[in-house]
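This report covers selected local features of one protein chain. Please keep the sequence and the structure at hand while reading.

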Amino acid sequence: EEEEEEEEEEEGNETTSGVCPSTQETGEFAVPDIRAFDFDAEDTIEVECLCCTILRNLSFIAENEGPLAQNEEIMESLVVWMSSPVPELRQDALDTVSNITHHVSLAGFGASCLPPLVAFLASDDRDECIYAIESLAKLALDHDNEHVLVCVLNDSFYEKLCSFLHVIDHEVQMMALHAVNIYSEFALAKPQ
């Protein structure tokens, strides 16, 4: 009987040893900071891909869009991941940004997403171009972003955007037409 009690006690200790102390004390879930773990380079990329995929999946739920777009650490990570040489990571980050851009304020830290989005317009990847055009159009829908866009985007941006009107791909054409239409509303007000 004593041996059974000792085994049960040991089993109990094993199950609580992997739980965060704050969880044991308060009953609340504590999210570990993944930066505190020691990963090698390959593991780090896998963890980043996993985190980005989770954020991407969360961004498809309307209630999550605002909080994701308003979190500075998340936006900083997405900007870094959009420039990643890992195609899956880059695409998931771009998908996420495309889903949340209508909640992004360019007046603050959200402005950091603008350079990678503009860079995607030069991509040979059709999907990257479509998501970039869509994201840039959504950013322009927010009148608070208009001033930043007018000041930051130059003539080469508008030329590149208009160049998509001549492509054979109908979906790209329509997305570009939508964006050109939105930008034309305030592009005329751009200081010369």
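Isoleucine 61 sits in the loop between α3 (41-59) and α4 (62-69). The model is a predicted one. The relative accessible area of isoleucine 61 is 41%. Buried means under 20% and exposed over 50%, so a residue in between is called partly exposed. Isoleucine 61 is therefore partly exposed.

Leu50, Ile54, Leu58 and Ile61 make up a nonpolar patch on the surface. Together they have about 340 Å² of accessible area.

## Aspartate 92

Aspartate 92 is part of helix α6 (residues 87-100). Its relative accessible area is 15%. The cut-off for buried is under 20%, so aspartate 92 counts as buried.

Which residues does aspartate 92 touch, leaving aside those up to four places away in sequence? The contacts are Cys52, Thr53 and Arg56.

Searching the whole structure gives three aromatic pairs. One of them joins phenylalanine 157 and tyrosine 183. The geometry is edge-to-face, at 5.3 Å centre to centre and with 65 degrees between the planes. This pair links distant parts of the chain. Phenylalanine 157 belongs to helix α10 (residues 155-163) and tyrosine 183 to helix α11 (residues 170-187), 26 residues apart. Phenylalanine 157 is buried, at 3% relative accessible area. Tyrosine 183 is buried too, at 1% relative accessibility.

Tyrosine 158 and tyrosine 183 form another edge-to-face pair. Here the values are 6.1 Å centre to centre and 75 degrees between the planes. This pair also links distant parts of the chain: tyrosine 158 is in helix α10 and tyrosine 183 in helix α11, 25 residues apart. Both tyrosine 158 and tyrosine 183 are buried. Phe157, Tyr158 and Tyr183 form one aromatic cluster.

Phe157, Tyr158 and Leu161 are buried in α10. Why do the buried residues of α10 line one face of the helix? Seen down the helix axis, they fall within an arc of 95 degrees, so they line one face. An α-helix has 3.6 residues a turn, so residues three or four places apart point the same way.

What does the face turned away from the buried side of α10 carry? Asp155 and Glu159 are there, and these residues are exposed. On the buried side, Phe157 and Tyr158 are also members of the aromatic cluster with Tyr183.

Notes:
Residues are numbered from 1 along each chain as its sequence is written. This is a predicted model: local features need pLDDT of at least 70, side-chain atom pairs count only at pLDDT 80 or more; totals for chains, interfaces and linings use all residues. Side-chain values use heavy atoms; hydrogens and water are left out. Patches are made of residues with over 30% relative accessible area and no salt bridge: like charges are joined within 9 Å, nonpolar side chains (Val, Leu, Ile, Met, Phe, Trp, Tyr) within 5 Å. Accessible areas come from the Shrake-Rupley method with a 1.4 Å probe; for residues, only the protein chains shown count as cover. A salt bridge is a side-chain nitrogen of Lys or Arg within 4 Å of a carboxyl oxygen of Asp or Glu. Helices (H or I, at least four residues) and strands (E, at least two) are DSSP runs, numbered from the N terminus. Buried means under 20% relative accessible area, exposed over 50%, partly exposed in between (1.4 Å probe, protein chains only). Rings of Phe, Tyr and Trp (its six-membered ring) pair if their centres lie within 6.5 Å; planes under 30 degrees apart count as stacked, over 60 as edge-to-face and the rest as tilted. Contact means heavy atoms within 4.5 Å. The arc is that of the directions from the helix axis to the C-beta atoms.
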